[in-house]
Amino acid sequence: MRALVIGCGRVGSNVAIRLADEGWEVTAVDEKEEALTRLGENWRGGFVLGHGMDVDVLREAGIEDADAVVVATDGDNTNIVIAQVAMKRFDNQCVVVRILDPARADFYSELGLRTISPTKTAIHDLLDAARACEIKPREAIPN
């Protein structure tokens with residue numbers, strides 16, 4: 001299986017490393033060369049320096065042969081555009097995109113994008129954790 005991970009920050013680099021550890025052939029794309037260091041000294045996958053919205057960069061990274069494309073840059077707008085290009089221009093059927101804004105994630109999910117919203121996940125998890133707290137009556141403070 002081949003994966004293309006666009007955005008090699010904390011999230012993208014971890015996704016790339018884990019997929020590679022599972023036996024995937026992974027290429028990471030980032031516009032900053034120092035992002036390669038996040039992949040570690042033992043990185044056996046590919047790395048393409050460039051902007052993920054550049055079609056030539058995507059081709060160089062192997063988008064035409066990718067079984068999955070993970071889009072995890074630090075900008076929602078950038079992620080949405082790259083994801084749509086991967087789906088519509090390159091006909092990739094497995095595109096997963098990180099969108100921080102929960103409302104936008106819902107909107108684009110309805111349009112067919114596989115969206116992940118860490119903000120939505122955090123809200124859900126925080127609410128669950130708060131609701132799971134056992135409410136105990138406060139003890140009276142002695143005079």
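**Figure 1. One aromatic pair.** This predicted model holds one aromatic pair. F107 and Y108 form the pair, with ring centres 5.0 Å apart and planes at 90 degrees, which is edge-to-face. Rings of Phe, Tyr and Trp (its six-membered ring) pair if their centres lie within 6.5 Å; planes under 30 degrees apart are stacked, over 60 edge-to-face, and the rest tilted. F107 is partly exposed at 46% relative accessible area. Y108 counts as buried at 16%. Buried means under 20% relative accessible area, exposed means over 50%, and partly exposed lies in between (1.4 Å probe, protein chains only).

Residues are numbered from 1 along each chain as its sequence is written. The model is predicted, so local features need pLDDT of at least 70 and side-chain atom pairs count only at pLDDT 80 or more, while totals for chains, interfaces and linings use all residues; side-chain values use heavy atoms, without hydrogens and water.

Figure 2. Helix 4 covers residues 102–110. D101 caps its N-terminal end: a side-chain oxygen lies 2.9 Å from the backbone nitrogen of A103. That is a polar contact (a pair of N or O atoms within 3.5 Å; within protein, one must be able to donate a hydrogen and the other to accept it, and residues adjacent in sequence count only if both atoms are side-chain atoms). Just after helix 4, G112 takes a positive phi of about 110 degrees. Helices (H or I, at least four residues) and strands (E, at least two) are DSSP runs, numbered from the N terminus.

**Figure 3. The largest pocket.** The largest pocket holds about 500 Å³ of space. On a 1 Å grid over the protein atoms alone, a pocket is an open set of points with protein on both sides within 12 Å along at least five of seven lines; a 1.4 Å probe fits at the points, and lining residues have an atom within 4 Å of a point. Its lining has 24 residues, and C8, G9, D30, T73 and D74 lie nearest the centre. Helix 1 (10–21), strand 2 (25–30) and helix 3 (76–89) each supply at least two lining residues. Helix 1 gives the most, with three. The lining divides into seven nonpolar, nine polar and eight charged residues.

Figure 4. D30 lies in strand 2. D30 is buried, with a relative accessible area of 12%. D30 and H51 are 21 residues apart in sequence, yet their C-alpha atoms are 6.2 Å apart in space. T73 sits in the loop between strand 4 (68–71) and helix 3. T73 also counts as buried, at 16% relative accessibility. Its side chain reaches the backbone nitrogen of G75 at 3.3 Å.

**Figure 5. D91 in a loop.** D91 lies in the loop between helix 3 and strand 5 (95–98). Most residues other than glycine have a negative phi. D91 is not a glycine, but its phi is positive, about 55 degrees. At 53% relative accessibility, D91 counts as exposed.

**Figure 6. The chain behind the close-ups.** The chain has five helices and six strands. Along the sequence they follow the pattern β-α-β-β-α-β-α-β-α-β-α. The radius of gyration is 19 Å, well over the 15 Å that the globule rule gives for 143 residues, so the chain is more spread out than a compact globule. That radius is taken over C-alpha atoms, and the rule is 2.2 Å times the number of residues to the power 0.38. The C-alpha trace spans about 75 × 40 × 25 Å along its principal axes. Of the 143 residues, 37% count as buried.

Methods
Points joined across faces, edges and corners; volume = space filled by probe spheres on them. Nonpolar A, V, L, I, M, F, W, Y, C, P; charged D, E, K, R; others polar.
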